[in-house]
Amino acid sequence: MEEPKSKSQKKRDAEALQKVGLELVALSLEKLNTLPLTDNLRQAILDAKLLKSHGAVRRQAQLIGKLMRGADSDAILAGYQLMLDEANAQTADFHEVEQWRTRLLDEGKAALTEFVAAHPQVDIPKLRQLIKKAVDERKNGQNLGASKALFRYLRSCLE
């Protein structure tokens, strides 16, 4: 048998839902449409996007928190967490590609050998050519897009 929640715990839960509600206000309309929001909750979030006054935003956040308590907040939180996890995964992938590009440009042959060993499907001559162009571009202090081309190719190899 589960103990009833204390008044303090209920307040903490309500404040947590308010904070998530404010984070939902910052989302784009496309991302909001992917979440299982009720119509009145969606409208409250859209209304909050238009508010400028601090007091009005605070009152609207309280309304959003109240509406979230009435809605299926677990499904909303799960959808929002999934959205955050996807964004974090994309960021991690981006950083991995960025690190490989930096290593290939700075360390040269050792990093190339390690990359090819980790990703045998790579077109080695094309990769060497892209690295050479990016290194030459860096030495000459130019920015002609070779580094970006190397990044795009590495990203395609890591997908």
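The legends below describe views of a predicted model of the protein.

**Figure 1. The whole chain of the predicted model.** The protein holds eight helices and zero strands, and from the N terminus on its elements follow one another as α-α-α-α-α-α-α-α. Its radius of gyration is 24 Å, well over the 15 Å that the globule rule gives for 159 residues, so the protein is more spread out than a compact globule. Along the principal axes, the C-alpha trace spans about 65 × 45 × 25 Å.

**Figure 2. Surface and contacts of the protein.** Of the 159 residues, 31% count as buried, while the protein exposes about 10900 Å², of which carbon and sulfur atoms supply 53%. Among the contacts between residues at least 6 apart in sequence, 54% join residues that are at least 24 apart.

**Figure 3. Helix α3, residues 39-50, along its length.**

**Figure 4. The buried and exposed residues of α3.** Leu41, Arg42, Ala44, Ile45 and Ala48 are buried in α3. Seen down the axis of the helix, these buried residues fall within an arc of 160°, so they line one face of α3. Asp39 and Leu50, on the other side of α3, are exposed.

Notes:
Residues are numbered from 1 along each chain as its sequence is written. This is a predicted model: local features need pLDDT of at least 70, side-chain atom pairs count only at pLDDT 80 or more; totals for chains, interfaces and linings use all residues. Side-chain values use heavy atoms; hydrogens and water are left out. Helices (H or I, at least four residues) and strands (E, at least two) are DSSP runs, numbered from the N terminus. The expected span of a helix is 1.5 Å times one less than its number of residues. Buried means under 20% relative accessible area, exposed over 50%, partly exposed in between (1.4 Å probe, protein chains only). The arc is that of the directions from the helix axis to the C-beta atoms. The radius of gyration is taken over C-alpha atoms; the globule rule is 2.2 Å times the number of residues to the power 0.38. Contact means heavy atoms within 4.5 Å. Accessible areas come from the Shrake-Rupley method with a 1.4 Å probe; for residues, only the protein chains shown count as cover.
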